[in-house]
Amino acid sequence: MLTQDDIDREIAEWPEPPEPSGHPRRDYAPYRSSVLRHPKQALVAVKDPDAAELRGPVFGVTDVTALDADLTRQHAGEPLGERITVEGRITDRRGRPIRGQLVEIWQANASGRYPHQIDDHPAPHDPNFSGVGRCLTGEDGSYRFTTIKPGAYPWRNHHNAWRPAHIHFSVFGSAFTQRLVTQMYFPGDPLFPYDPVLRSVTDAAARERLIAAYDHTLSQPEWSLGYRWDIVLDGPAATWTES
């Protein structure tokens, strides 16, 4: 059985990714599944860009309801776990709000399990929590979700590998080709040093921008704890893609 010293030694031997280039390196060796599935061929030039770019997203504004943004009220019963509110703004590099954009989230339940048939983590399913939500940004670029704080889960990337608690975010621009997919983490997680997904983000400041801040003004008495996480779509302070 490996000791903590053995584990720390393995982590210390993980290579540092190269200098920042706009997004994490896709073939970062310690993130093993990324090495197996990242694109290896040159990009294919599209002959008809206008035909390839689907304007959208393809849904009507009335298709997105308040219930979609509250993952705790999507079923007949109450989900288990710590109820949280996650709120923030989506802006461009100059701080201008990105209005009317579709924001989607997906996450594990409080036990660290996804409601997916291939998730065989021996943790409880929660029949009252599907772990998916969506909303549209407001005139000030704001979004807001009520959900359950996700649990950590094992993922077999390396010995005793556990993902820190996180929520996946997808943000659409004015077209599907502008989609940003990333992850939001929670402050003070002890698993950060052991997670090659987060460590593949080379720039320390960019890595910190993936971690939400606890905001007591967003906490609601006897209801939920509040976290603030802003997303910047471009520029030096952009939120990095991370999937």
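In this predicted model, the largest nonpolar core contains 40 residues, and the members that touch the most others are Val103, Tyr143, Phe145, Ile167, Phe169, Met184 and Trp229. Two or more residues of this core come from each of strand 1, strand 2, strand 4, strand 7, strand 8 and helix 5. In soluble globular proteins, nonpolar side chains tend to be buried together.

Apart from neighbours within four places in sequence, Ile167 is in contact with Ile84, Val86, Ile105, Trp106, Gln107, Thr147, Pro150, Thr182, Gln183, Met184 and Phe186.

The aromatic residues may be considered next. A pair of aromatic rings is described by the distance of the centres and the angle of the planes. Across the whole structure, nine aromatic pairs are found. One of them joins Phe145 and Phe169, whose ring centres are 6.3 Å apart and whose planes stand at 85 degrees, an edge-to-face arrangement. Phe145 belongs to strand 4 (residues 142-148) and Phe169 to strand 7 (residues 166-171), so this pair ties together parts that are 24 residues apart in sequence. Both Phe145 and Phe169 are buried.

Two arginines are placed over tryptophan rings. The charged end of Arg83 sits over the ring of Trp223, at 3.7 Å from the ring centre. Arg163 lies over the face of Trp155, 5.8 Å from the centre of the ring.

Side chains of opposite charge can pair when their charged atoms come close. The structure has 10 salt bridges, and one of them joins Arg163 to Asp195, with an N to O distance of 2.9 Å. Asp195 is located in the loop between strand 8 (180-185) and helix 5 (196-199), while Arg163 is in strand 6 (residues 162-163), so the pair ties together parts that are 32 residues apart in sequence. Both partners are buried: Asp195 has a relative accessible area of 0%, and Arg163 has one of 4%.

A second salt bridge connects Arg134 with Asp68, where the closest N and O atoms are 3.4 Å apart. Since Arg134 lies in strand 3 (residues 132-136) and Asp68 in helix 4 (residues 66-69), the pair ties together parts that are 66 residues apart in sequence. Arg134 is partly exposed at 25% relative accessibility, whereas Asp68 is buried at 19%.

Arg99 occupies the loop between strand 1 (83-91) and strand 2 (102-106), and Glu139 the loop between strand 3 and strand 4, so the pair ties together parts that are 40 residues apart in sequence. Arg99 is partly exposed, with 46% relative accessibility, and Glu139 is exposed, with a relative accessible area of 62%.

Thr137 is also in the loop between strand 3 and strand 4, but Thr137 is buried, with a relative accessible area of 6%. Thr137 and Gly100 are separated by 37 residues in sequence, yet their C-alpha atoms are 4.8 Å apart. Beyond neighbours within four places in sequence, the contacts of Thr137 are Ile90, Ile98, Arg99, Gly100, Gln101, Val103 and Ser142.

Another buried threonine, Thr91, has a relative accessible area of 8% and is placed in strand 1. With neighbours within four places in sequence set aside, Thr91 is in contact with Arg96, Pro97, Ile98, Ile231, Val232 and Leu233.

Finally, an unreviewed UniProt entry annotates residues 86-114 as "domain: Intradiol ring-cleavage dioxygenases". Over residues 86-114, the chain is 0% helix and 38% strand, and the C-alpha atoms at the ends are 19 Å apart.

Methods. Residues numbered from 1 in each chain as written. Predicted model: local features only at pLDDT ≥ 70, side-chain atom pairs only at ≥ 80, totals over all residues. Heavy atoms only, no water. Phe/Tyr/Trp six-rings, centres within 6.5 Å; stacked < 30°, edge-to-face > 60°. Helix = DSSP H or I, 4+ residues; strand = E, 2+ residues; numbered from the N terminus. Buried < 20%, exposed > 50% of the residue type's maximum accessible area, 1.4 Å probe, protein only. Lys NZ or Arg CZ within 6 Å of the ring centre and 35° of its normal. UniProt positions renumbered as here; feature names shortened; annotations may be inferred. Salt bridge = Lys/Arg side-chain N within 4 Å of Asp/Glu carboxyl O. Core = buried A, V, L, I, M, F, W, Y, C linked by side-chain atoms within 4.5 Å. Contact = heavy atoms within 4.5 Å.
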